[in-house]
Amino acid sequence: MCGRNQVEHHHIVSRGQAVYMINIKLNIKPVCIEHHKGSKGAHGNREVDLKYKLEFQEKLFLLFDKDFYSEKEIKEKLETNINEVRKITKKMMFYKEGYKKEELIRRLMGGRIYGEQD
């Protein structure tokens, strides 16, 4: 944060990209109004939006450090409830080992993995 007093909550992965991410705390970045909706903010500057998404994606890859996860493990990692996890995993393939890490992160990122070239 830049130190300004008024803080808004920016959803890194927006409602339009993944409505199931709205209640996930990790997806919320506290920012001042200017860094949220202004020309230097995620809603006014594509580069800032992409920067926030890449930071979030990197955090997810560090958080999910093994190949497969159960619903319970996802719930614990995301600090959420089982209903929120089921919204996330609803359209995902479940393997005998659990949900695949990369598919999970892709889903958490709104259906894509971001790269430096974006």
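From the N terminus on, the elements of this predicted model run β-β-α-α-β-α-α-β-α, giving the chain five helices and four strands. Helices (H or I, at least four residues) and strands (E, at least two) are DSSP runs, numbered from the N terminus. Residues are numbered from 1 along each chain as its sequence is written. In this predicted model, local features need pLDDT of at least 70, side-chain atom pairs count only at pLDDT 80 or more, and totals for chains, interfaces and linings use all residues, while side-chain values use heavy atoms, with hydrogens and water left out.

The chain has a radius of gyration of 15 Å, which agrees with the value near 13 Å that a compact globule of 118 residues would have. This radius is taken over C-alpha atoms, and the globule rule is 2.2 Å times the number of residues to the power 0.38.

| Property of the chain | Value |
|---|---|
| Span of the C-alpha trace along its principal axes | about 45 × 30 × 25 Å |
| Accessible surface (Shrake-Rupley method, 1.4 Å probe) | about 7,300 Å² |

Carbon and sulfur atoms account for 48% of the accessible surface. Buried residues (under 20% relative accessible area, 1.4 Å probe, protein chains only) make up 38% of the 118 residues.

Lys101 is found in helix H5, residues 101–108. Lys101 is buried yet has no salt bridge, defined as a side-chain nitrogen of Lys or Arg within 4 Å of a carboxyl oxygen of Asp or Glu. Not counting residues up to four places away in sequence, Lys101 touches Phe61, Phe64, Asp65, Lys66, Asp67 and Tyr69, where contact means heavy atoms within 4.5 Å.

Technical notes. Buried means under 20% relative accessible area, exposed over 50%, partly exposed in between (1.4 Å probe, protein chains only). Lys and Arg count as positive and Asp and Glu as negative; His and the chain ends are not counted.
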